[in-house]
Amino acid sequence: MTETAKAGLYIHIPFCLKKCGYCSFYSVASNQAIPEFLNAIIREMSFYRNLFYSFDTIYLGGGTPSLLTIGQINAILDAAVKAFHVEPSAEITVEANPGDLSDDYLKALKAAGVNRLNIGIQSFDDRILNFLGRRHTAREARAAFDAVRTAGFSNVGLDLIYGVSGQTVALWRRDLRLAIGLAPEHLSCYSLSLERATPLYRRYQRSGLHLPSEKQALDFFLATSRTLTDSGYLHYEVSNYARLETFRSRHNMKYWRHISYLGLGPAAHSFHLGRRWWNKADLDGYLRNLRDDQTPQEAEETLSPGQLALETLFLSLRTQEGIDLEAFRKRYGYDLLIEKKDAVNRLIASGKLKLDAGHLRPTIAGMAIADSLALI
Ligand code: SF4
């Protein structure tokens, strides 16, 4: 946790035109409540004026933030600037669906101060897009990317998904090559996961389809890392790649570095000074609370130093940056190289971890099993 670092502001826009079959993010398939939602978000900001002072990232995620009109996005950003100190150089990201990005919309987004777009392309293969229930085609995705560049955005991320039933590593490499051909500044490549209570989960259960085996999942992961790093991308977190260090997602880095962030909107999570709290994943309840001037928080927890240390391990070992051993020792009174000597040495010997410039870092093979590295 770096208390002197500026915090990040996340705003969850919980609206989608339709739900994609695999999605477990909280959103509703309707945009009727958007006007009331805007009032609620602005009211929610006022609760945190004295707790959070300065932000240097704003991230509009969802859901589908690109369903908002430019007037609505301006209203949110203006309210944030009035409620808090937002650094003039803040990274301001909007997640966007390729089908929503007309030339005029993009120009106006840029004029509103948005300087980073994250586009949910997911695949350049229409069969896969159809399987996932996305509402755009591969052609629309490519056209959207061209339009984004024409509008002058120079920091653009693409989200892609792999491991879809029937997809081979060769087909996935084709998706990656098409993405590389567009030269985005950032790529997030996620393995499809089957979340309970999604239509896709039920479909897999009914049809007996399977996700890739552990070995196949590893093949996808390694093919992703190799293909993208061979093309000059930095593999800086398990699922994230940047063309240069400066194009790493400044906002998401806060999550992995345990830097404070404030999440507003239904289902949003916040973290500050060792305390974590989260809002109800229920739009109606959220709106009702804010109408009554009440907090929409569902629960909170205060992490003990031991829990914070474990989380730091867990989050840092997902990133190429790894753990700053001296900073960890100072903060938690715990020298990993002494206390966990055998486990660390074993993981170094097996090529999962490496020691480098005072940091314990995961190798690519280590990133592939990042979730279990923290259990050292
Ligand atoms: S994947 Fe994105 S667009 Fe699809 S339902 Fe989930 S939040 Fe909405």
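1. Helix axes here are lines fitted to C-alpha atoms over the stretch in contact, and angles run from 0 to 180 degrees between N-to-C directions. Helices (H or I, at least four residues) and strands (E, at least two) are DSSP runs, numbered from the N terminus. The model is predicted: local features need pLDDT of at least 70, side-chain atom pairs count only at pLDDT 80 or more, and totals for chains, interfaces and linings use all residues. Residue numbers start from 1 along each chain as its sequence is written.

2. Helix α1 (residues 34–47) and helix α10 (residues 283–291) have axes that come within 9 Å and cross at roughly 60°.

3. From α1, Glu 36, Phe 37, Ala 40, Arg 43 and Glu 44 meet Tyr 286, Leu 287 and Leu 290 of α10 (contact: C-beta atoms, placed from the backbone, within 7 Å). This contact has 5 nonpolar, no polar and 3 charged residues (Ala, Val, Leu, Ile, Met, Phe, Trp, Tyr, Cys and Pro are nonpolar; Asp, Glu, Lys and Arg charged; the others, Gly among them, polar).

4. Domain 1 spans 7–256 and domain 2 spans 305–373, with bounds from an automatic or database domain assignment. Their centres, taken over C-alpha atoms, are 29 Å apart. Each domain gives 9 residues to the contact. On the domain 1 side, α8 (214–230) and β7 (234–237) each supply at least two residues. The largest share, 4 residues, is from α8. That side divides into 6 nonpolar, 2 polar and 1 charged.

Key. Contact = placed C-beta atoms within 7 Å.
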